[in-house]
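Hi,

Here is the structure I promised to pass on. Have a look at it first, and then read my notes below.

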Amino acid sequence: MGNQQENEVVFRSENIEIVVQDSSVFEGSSPSYLLESSSSFNLLFLLSPDIHVKAHDCDTEFIFKKNQYILHYSPKKNKAELWTDNKENLKYHHIQLHYEYISNLINPESNRDGAEIMENMIRNNFIFLQKATPPTMTVEMHIILKEILSYSKKGVMQKLFIEAKIIKLLILVFEQFNEKNSLETASKTPEIIKKFIDENYHRNIKAEEIGKLIGINQNLIRKEFKAEFHTTINHYISELRMLKARKLITDKDIMIKEIAIECGYEYLQNFTRAFKKKFGVSPEFLRNNK
């Protein structure tokens with residue numbers, strides 16, 4: 001299959017190792033090798049399409065779609081081979097966690113929930129969400145991975161930051177599997193977009209940013225969102241901002257300029273224009289006549 005591609009270790013401690021594969025030049029079908037230590041939990045986020053994965057401890061070969069992931073427990077040292085026949089770069093993130101670290105975190109001996117989670121992890125019940133289909137990464141997972149890779153500090157601060165982000169990643173994984181019985185087979189893209197907007201509408205977010213985070217073309221994002229919710233992304237963001245503005249405008253201790261910033265408007269005149277278009281009066285008029 002050609003020459004081996006090299007992975008980049010971006011973080012390593014006594015309990016955690018984070019490896020990134022992002023080949024900058026397409027090298028045909030040359031494989032990448034992923035190493036799992038004994039008694040380790042491995043979060044593997046697959047970020048390019050049609051990635052083949054073949055573990056050396058079994059003859060089974062899997063093909064993963066873009067933005068799928070697995071949480072795999074390896075009781076002994078294991079080696080997996082990853083490659084793609086696509087012309088897109090082979091890209092994945094591998095987070096390896098020591099057994100004792102997870103055990104101390106979950107503390108399965110002292111509570112039933114922890115014991116159940118640990119048993120599911122050891123039995124590898126976090127590999128397939130339903131019908132032998134690996135789970136799909138959420139927007140929050142993409143954001144966390146991006147934050148981990150972009151964090152610039154080193155030493156203790158980096159260790160604490162990464163551990164906090166990994167805990168959040170695990171929570172998202174457990175929550176996703178807890179909800180698996182209610183998941184529908186239909187596309188969850190509109191709901192993912194809506195949840196992201198609901199949590200970030202106060203920022204200057206655009207369809208392009210959402211598209212990059214979840215790996216979907218921005219035009220498809222706009223189309224699916226409008227088909228599901230019968231409104232555009234920009235209009236929905238504006239509605240959320242105006243509802244919050246109207247709620248805050250009655251509090252005379254908050255300056256109108258502060259409300260504008262809180263609602264995601266960098267310039268006061270843009271906020272005033274949007275407010276008047278929505279409610280027919282300026283923010284000052286509504287505040288003074290309440």
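A definition before anything else: two strands count as paired if DSSP finds at least two bridges between them. Helices (H or I, at least four residues) and strands (E, at least two) are DSSP runs, numbered from the N terminus. Bear in mind that this is a predicted model, where local features need pLDDT of at least 70 and side-chain atom pairs count only at pLDDT 80 or more, while totals for chains, interfaces and linings use all residues. Residues are numbered from 1 along each chain as its sequence is written, and side-chain values use heavy atoms, with hydrogens and water left out.

(Axes are lines fitted to C-alpha atoms, for helices over the stretch in contact, and angles run from 0 to 180 degrees between N-to-C directions.)

**The four-stranded sheet**

There is also an open sheet of four strands, ordered β3-β8-β5-β6 and paired antiparallel. Its edges are β3 (32-36) and β6 (61-64); each has a single partner strand, so one side of each is left without a neighbour. Here the twist averages 25° from one strand to the next. Five bridges pair β3 with β8 (residues 78-84), and Ser32 has Leu82 as its bridge partner in β8.

**A pocket to look at**

The second largest pocket holds about 420 Å³ of space. (On a 1 Å grid over the protein atoms alone, a pocket is an open set of points where a 1.4 Å probe fits, with protein on both sides within 12 Å along at least five of seven lines; lining residues have an atom within 4 Å of a point. Points are joined across faces, edges and corners, and the volume is the space filled by probe spheres set on them.) Its lining has 18 residues, and Leu47, Lys91, His142, Lys212 and Leu213 lie nearest the centre. The largest share of that lining, four residues, comes from α3.

Cheers
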